[in-house]
Amino acid sequence: MKRETLPHRKTTAQAATRGVHHLALTTEDMRTTADFYTRVVGMPLVHAMKVPPGLGTGPDNRGNPPYEEIRHYFFDMGNDSLLAFFEIPRGAEPRAKRDAIGGMQHVAFAITPKSLAALRKRLASANVPYDGPLDILPGLVSIYFLDPNGIRLEACCQPATAERPRVIRSVAQRRDAARRELETIEPAWAGTTIAAGRFT
């Protein structure tokens, strides 16, 4: 879709979506991936299945990877959202470049201070190196590490919020600061985008 074909309609600052239902990633080793996410990251496995026949390469494919009867597992990310993995046959696909256009640069999870401390212990016990904690924004600290598939993960923590992370508030920005950045793209566009946003 080109920018010129986007619909012109009044927008509000209320999000049309209700958060992430599931984020679907790929692996070629489901056992190692399941062990890592359940035992190291601390996400319970909540659904384990194989994609039904005909949904990989058949006419009823609905966006699944083009392989028949592959494993598709779901992990509880917390706050009623899921992390899912498809198991691609070993060697069937190249490794993705994290910074490629259309690629996924990293996945960041909201985490409480208590859970962050426990995660750091589990990472150390599993000999998984990590960077941080690093100050990302005022009041927001993160650690970074890789999963067994080479996916870069971030655990974001707001120490002052204790056990009640406030994700949107953690990146709150003043309207004038947002406008300065948006105007570097196009000044006229910046005004309409500011009006459609949610800034302080």
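Two strands count as paired here if DSSP finds at least two bridges between them. On that basis, 4 strands make an open sheet in the order 1-4-3-2, with mixed pairing, and another 4 form an open, mixed sheet in the order 5-8-7-6. Helices (H or I, at least four residues) and strands (E, at least two) are DSSP runs, numbered from the N terminus.

A word on the source: this is a predicted model, in which local features need pLDDT of at least 70 and side-chain atom pairs count only at pLDDT 80 or more, while totals for chains, interfaces and linings use all residues. Residues are numbered from 1 along each chain as its sequence is written, and side-chain values use heavy atoms, with hydrogens and water left out.

- Strand 1 (22–27) and strand 2 (45–50) sit at the edges, and each pairs on one side only.
- Neighbouring strands in this sheet are turned by 20° against each other on average, direction ignored. For angles, axes are lines fitted to C-alpha atoms (for helices, over the stretch in contact), and values run from 0 to 180 degrees between N-to-C directions.
- Strand 3 (residues 71–78) and strand 4 (residues 81–87) run antiparallel and are joined by 6 bridges; look for His 72, whose bridge partner in strand 4 is Phe 86.

**The loop between strands 3 and 4**

- Most residues other than glycine have a negative phi, and most peptide bonds are trans.
- Asn 79, in the loop between strand 3 and strand 4, has a positive phi near 55°. Asn 79 counts as exposed, at 80% relative accessibility; exposed means over 50% relative accessible area, buried under 20%, and partly exposed in between (1.4 Å probe, protein chains only).
- Asp 80 lies in that loop too, with a positive phi near 60°. Asp 80 is likewise exposed, with a relative accessible area of 78%.

**Helix 1 and its ends**

- Helix 1 covers residues 30–41, and its buried residues are Met 30, Thr 33, Ala 34, Phe 36, Tyr 37, Val 40 and Val 41.
- Those buried residues pack against strand 1, strand 3, strand 4, helix 2 (113–125), strand 7 (140–146) and strand 8 (152–157). Contact here means heavy atoms within 4.5 Å.
- At the N-terminal end, Asp 29 is the cap: one of its side-chain oxygens lies 3.3 Å from the backbone nitrogen of Arg 31.
- Gly 42 follows helix 1, and its phi is positive, near 90°.

- Strand 6 and strand 7 run antiparallel, joined by 4 bridges. Helix 2 packs on the sheet, touching strands 5, 6, 7 and 8, and its direction makes about 25° with that of strand 7.
- Leu 137 has Leu 140 as its bridge partner in strand 7.
- Check the peptide bond between Gly 132 and Pro 133: it is cis, with omega about 10°. Pro 133 is in strand 6 (residues 131–137).

**Helix 4 against helix 5**

- Helix 4 (residues 175–182) and helix 5 (residues 187–196) pack at about 145°, their axes 9 Å apart.
- Arg 175, Ala 178, Arg 179 and Leu 182 of helix 4 meet Trp 189, Ala 190, Gly 191, Thr 193 and Ile 194 of helix 5.

Definitions and conventions: Polar contact = N/O pair within 3.5 Å; in protein donor to acceptor, adjacent residues only side chain to side chain.
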